[in-house]
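Please study the sequence and the model before reading each solution.

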Amino acid sequence: MKRAVSRWEIVGFSINDVIGSGVYLLPAAAAANLGSASVGAIVLAGLGVFLLVLCFAEAASYFDKPGSAYVYTREAFGDLVGFEVGWMTWLARVSSVASLSAGFARALGYLWPQANDGVGRALAIALPLLVLTAINVVGVKSGARTAVFLAITKTVPLLLFIGVGIFSMSWAQATSVSAKPDGSLGEAVLLLLFAYAGFENTAAPAGEFKNPKRDVPFALVVQIGVVTFIYTAVQWVALGTLPGVVDSATPLADAAARFLGGWGGLLMTVGAVLSILGTNSNTVLAGPRYLYALARDGFGPAALASLHPRFRTPTVAILTQTAIALPLAFSGSFEVLATLSVVARLATYFGTAMAVPVLRRKLQQQPGAFRIPGGPVVPMAAAALCIVFAMSAQTRNLIAGAVALIVGGALYALRSPARTAAPE
């Protein structure tokens with residue numbers, strides 16, 4: 001693989017993966033569950049997720065190969081645990097590509113009604129996904145630059161929303177919003193967790209980063225700071241500028257239309273479309289690296305572990321993921337797979353948090369590498385946080401996750417021992 005991606009490109013890649021379409025819907029959903037307390041809850045959620053980010057940052061400082069949590073948990077706990085984490089993480093990536101592609105067509109439908117059905121919808125789903133696939137086949141550098149560009153285009157409208165809206169908001173209104181009677185604390189907990197989700201994929205293409213052991217921890221810490229600031233400020237402005245925010249289907253667009261005029265609402269709608277496209281760009285880049293890493297270690301067809309002779313990208317893995325995700329996006333059955341994302345992410349988070357103390361004992365850290373202060377305190381706190389999140393999940397999510405783990409166990413039994421120790 002070519003080591004072509006620089007530190008600040010990794011930062012852009014990381015931010016692009018976390019800030020998705022959710023931020024455009026977060027104000028209404030969070031206010032519905034928590035009312036005016038949603039602003040403080042977003043800050044607390046950011047601090048909680050920061051514990052998980054620190055675990056990923058330290059784990060990433062030990063490795064310079066692709067696979068992220070799969071690599072960390074496999075090194076710490078062996079092949080079976082590593083495979084299950086890698087398998088669950090990739091399932092979440094496939095469902096994400098499918099749902100984001102369908103979601104892009106739906107969002108585009110606000111600007112181009114033909115995207116809502118028929119040929120227009122098919123084109124709105126397929127063309128962006130195929131273009132993103134081609135970009136990532138050509139090279140990780142082009143994929144990373146596309147991610148950075150889309151991260152900027154999605155962040156600028158949000159910063160404009162914050163910068164102008166802060167002068168138009170009513171503090172009294174922002175602090176008087178009440179939660180709906182049916183607001184659920186468990187729903188709010190998971191809502192806030194998954195608003196911050198995506199950071200775990202930052203190190204998935206680590207084999208193509210120039211200096212992953214130093215740059216990935218840096219990017220993760222910068223990302224959580226930037227995202228927490230944006231989410232908190234967006235929530236505060238939305239509460240203070242949009243009466244009835246709880247009942248708005250498009251809270252940011254509706255709020256922007258009040259203090260910027262019609263073009264403000266249009267800008268936020270365009271921002272939402274680009275935000276979905278940006279997150280999908282990251283998923284198309286990161287997801288195949290899990291497939292590549294699994295196949296490289298004998299857990300899949302050898303072709304998935306091959307690299308393009310010219311571009312040095314895992315082309316077969318990239319094309320395979322798109323070939324699976326595209327029909328799912330067309331059919332709508334991706335929603336079944338999407339229920340796996342809750343447990344899949346928690347498995348990734350919990351496994352990495354538990355792996356950090358083990359990796360400290362097994363691997364010798366390089367001087368100057370990232371190290372979480374406080375010994376085992378932060379990793380154990382992060383693992384406990386995952387348990388709290390799991391207790392908030394719906395039963396159907398847990399059942400779907402259990403079924404996926406069983407299927408993963410069956411696939412593990414069919415692994416290819418001959419390639420388990422395959423070279424990098």
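**Exercise 1.** Is Tyr-349 buried or exposed?

*Solution.* This is a predicted model, in which local features need pLDDT of at least 70, side-chain atom pairs count only at pLDDT 80 or more, and totals for chains, interfaces and linings use all residues. Residues are numbered from 1 along each chain as its sequence is written, and side-chain values use heavy atoms, with hydrogens and water left out.
Step 1: buried means under 20% relative accessible area, exposed over 50%, and partly exposed in between (1.4 Å probe, protein chains only).
Step 2: Tyr-349 has a relative accessible area of 0%, so Tyr-349 is buried.

**Exercise 2.** Determine how the rings of Trp-8 and Phe-218 are arranged.

*Solution.* 
Step 1: rings of Phe, Tyr and Trp (its six-membered ring) pair if their centres lie within 6.5 Å; planes under 30 degrees apart count as stacked, over 60 as edge-to-face and the rest as tilted. The whole structure holds 12 aromatic pairs.
Step 2: the centres of Trp-8 and Phe-218 are 5.3 Å apart and the planes stand at 85 degrees, so this pair is edge-to-face.
Step 3: Trp-8 is exposed at 57% relative accessibility, whereas Phe-218 is partly exposed at 27%.

**Exercise 3.** Which residue lies over the face of Phe-218?

*Solution.* 
Step 1: a charge sits over a ring if NZ of Lys or CZ of Arg is within 6 Å of the ring centre and within 35 degrees of the ring normal.
Step 2: Arg-7 lies over the face of Phe-218, 4.2 Å from the ring centre.
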